[in-house]
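Please have a look at the sequence and the model before I go on.

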Amino acid sequence: MRVKRHKNHRRILRFFRLAFGVQEPYHVLVDGTFLTHALQQKVHVKEQLPKMLEGRTTPMVTGCVLAELRALGDRALGAAIIAKGYYRVKCGHDSDPISASQCIRTQIGRHNERRFFVATQDKELRQALRAVPGTPLLHLNGPVPQLEEPSDASRAVKSENEAKKLRPADWEKPKLPELKAKEAHAKAKAEFPKKQKKRKGVNPLCQQKSKKAKSVQQAPPLAAAAGEAAAPKAKRVRSRRMGTRTRAEQEDR
């Protein structure tokens, strides 16, 4: 079950990272109900959040959350001490504190521009924050921390952004007629049949002479050489007076 739970957490985090740009370090707004329940279940929030989110995590509280815990007295004394060690978000309600749930709604706003996670056991607060796209919600199921599935509002915004990417931008619209004309020209050119090239003959320089004809042409010189070998050539004699003559020509003179 633990492996399956971690896979679901990775899938949900991937959704918020790709759709809304939620990145490390994760900023988690924690309220008094979450801290009180974690203390009862002996859950160390500062250690468990990085394990669950598999990344650097910064637990945060507002001044209104601290004021609410201190107002509860001994019932929430331990939670108030723990919250005092967390990073404190300036909410601007120091002089006139409001309820913790209302303060957290103010920090989230309409679009959760600061990409806060919200950890709370308050069902009404979670229901209200599901209407804000891009707001990951955490709660404790007994001692087990759970990351909620993306709300319908978050999924609708993601689908709208994906559809917007497929549509042309405003600066691209004036160029659409030109692009369509080029596409039509390319299509017409592709449909026009190409002129087929004539088949050329074989290059005569690349042709190889037949070995049979070559052997026939070389046959007569071999026969002549055999006849000359049978009748030896007359020996010539050199004379200073008459030049070079054969012996038979000298005897005739």
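Before I describe any packing, let me say that angles under 35 degrees count as roughly parallel, those over 145 as roughly antiparallel, those from 65 to 115 as roughly perpendicular, and the rest as oblique. The axes themselves are lines fitted to C-alpha atoms, for helices over the stretch in contact, and the angles run from 0 to 180 degrees between N-to-C directions. What you see is a predicted model, in which local features need pLDDT of at least 70 and side-chain atom pairs count only at pLDDT 80 or more, while totals for chains, interfaces and linings use all residues. Residues are numbered from 1 along each chain as its sequence is written, and side-chain values use heavy atoms, with hydrogens and water left out. Helices (H or I, at least four residues) and strands (E, at least two) are DSSP runs, numbered from the N terminus.

Let me start with α2 and α5, whose axes come within 9 Å and cross at roughly 110°, and these two helices are therefore roughly perpendicular to each other. Their crossing is right-handed; a crossing has that name if the near helix is turned clockwise from the far one by less than a right angle, and is left-handed if anticlockwise. On the α2 side the contact, meaning heavy atoms within 4.5 Å, is made by Leu-35, Thr-36 and Leu-39, and on the α5 side by Gly-78, Ala-79, Ile-82 and Ala-83. By class, this contact of α2 with α5 has five nonpolar, two polar and no charged residues, where Ala, Val, Leu, Ile, Met, Phe, Trp, Tyr, Cys and Pro count as nonpolar, Asp, Glu, Lys and Arg as charged, and the others, Gly among them, as polar.

Helix α5 (residues 77–84) also packs on helix α4 (residues 63–71), with axes that come within 8 Å and cross at roughly 155°, so that α4 and α5 are roughly antiparallel to each other. This crossing is left-handed, and the contact brings together Leu-66, Leu-69 and Arg-70 of α4 with Ala-79, Ala-80, Ala-83 and Lys-84 of α5. Here the classes are five nonpolar, no polar and two charged residues.

Turning to α1 and helix α8 (residues 152–166), we find them packed at an angle of about 45°, with their axes 10 Å apart, and that makes α1 oblique to α8. The crossing of α1 and α8 is left-handed, and in it Phe-15, Phe-16, Ala-19 and Phe-20 of α1 meet Ser-154, Arg-155, Val-157, Lys-158 and Asn-161 of α8.

Two backbone details deserve a moment. The peptide bond from Glu-24 to Pro-25 is cis, with omega near -10°, and Pro-25 sits in the loop between α1 and β1 (26–30). Lys-42, in the loop between α2 (32–40) and α3, has a positive phi of about 60° although Lys-42 is not a glycine.

Grid points are joined across faces, edges and corners, and a volume is the space filled by probe spheres set on the points.

The largest cavity has a volume of about 50 Å³, and its lining includes Phe-16 and Ser-154.

Conventions: On a 1 Å grid over the protein atoms alone, a cavity is a set of points where a 1.4 Å probe fits but cannot get out, and a pocket is an open set with protein on both sides within 12 Å along at least five of seven lines; lining residues have an atom within 4 Å of a point.
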